[in-house]
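Hi,

Here is the structure I promised to send over. Have a look at it first, then read my notes below.

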Amino acid sequence: MGTATTQATIFWDTVDTVLVDMDGTLLDLAFDNFFWLDLVPRTYAARHGLAESRAREDLMRVYRDLEGTLAWYCIDHWTERLEIDLRALKREHRHRIRYLPGALEFLAGVRSRNKRLLLVTNAHRAVLEVKIEQTGLDREVDAMISSHDFEAPKESSEFWRQLDVAVELDSERTLLVEDSISVLQAARGYGVRHTVAIRRPDTNSPAREIDEFPSVDGVHALT
Ligand SMILES: [Mg+2]
């Protein structure tokens, strides 16, 4: 247990709008990790006649180059680059998409407090569709915003500027719950006052230590 870890506490009367991330915050990142780190390399190897280890090495290099950019989150970019029908592949394996423990209860709790609840995600609209079909997540929030609509990833200040215009954020009274540290940094840089980091976005992996932001293992700890 790290001594610097700060367990997050939300003072609900200081918050009007809750921005909540999807993958790794509400939905188990185990699906995305399985998809990108296991299934895609296997499919890529088969498609291009490569050894799996070689395909995995190649892909990890490409992933690293694009991390945090909008192209990284664009399924069409990857479909073209890897010559794999990723939309079909995602649909085929969509039964693996699931909520993190306590996620639905957390969302219901936010709504019962009459807070505005917006999902903000870097997921491409096409991927968002698959996740909605599988989980019914659209019914649990007031609106869903994809960074692709703004052509700027959540890691950028441009995203926060455009989000502010689109939904009229009172950043002093806004809370972001999110598993990506670089997204939390961008939000804080823009002036979002309240931030909570998720320590355990993937139920197949142990919790991470986070000392830069108040954090919880998962949203179940915030209800
Ligand atoms: Mg996330």
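**What I found**

The chain splits into two domains: domain 1 covers 12-28 + 99-222, and domain 2 covers 31-95. Keep in mind as you read that this is a predicted model.

Let's start with how the two domains sit against each other. Their centres, taken over C-alpha atoms, are 24 Å apart. Where they touch, domain 1 puts in 18 residues and domain 2 puts in 13 residues. On the domain 1 side, the largest share comes from helix α6 (residues 125-135), with 4 residues. If you sort that side of domain 1 by class, you get 7 nonpolar, 6 polar and 5 charged residues.

Now for a pair of helices. Look for α1 (residues 30-48) and α2 (residues 52-66): they pack with their axes 8 Å apart, at an angle of about 120 degrees. Angles of 65 to 115 degrees count as roughly perpendicular and those over 145 as roughly antiparallel, so α1 is oblique to α2. The crossing of α1 past α2 is right-handed.

Which residues in α1 and α2 meet? From α1 you'll find Val40, Pro41, Arg42, Tyr44 and Ala45, and across from them in α2 are Glu52, Ala55, Arg56 and Leu59. By class, this contact between α1 and α2 has 6 nonpolar and 3 charged residues, with no polar ones.

Cheers

How values were computed
Residues are numbered from 1 along each chain as its sequence is written. This is a predicted model: local features need pLDDT of at least 70, side-chain atom pairs count only at pLDDT 80 or more; totals for chains, interfaces and linings use all residues. Axes are lines fitted to C-alpha atoms, for helices over the stretch in contact, and angles run from 0 to 180 degrees between N-to-C directions. Helices (H or I, at least four residues) and strands (E, at least two) are DSSP runs, numbered from the N terminus. Angles under 35 degrees count as roughly parallel, over 145 as roughly antiparallel, 65 to 115 as roughly perpendicular and the rest as oblique. A crossing is left-handed if the near helix is turned anticlockwise from the far one by less than a right angle, and right-handed if clockwise. Two residues are in contact if their C-beta atoms, placed from the backbone, lie within 7 Å. Ala, Val, Leu, Ile, Met, Phe, Trp, Tyr, Cys and Pro count as nonpolar, Asp, Glu, Lys and Arg as charged, and the others, Gly among them, as polar. Domain bounds come from an automatic or database domain assignment.
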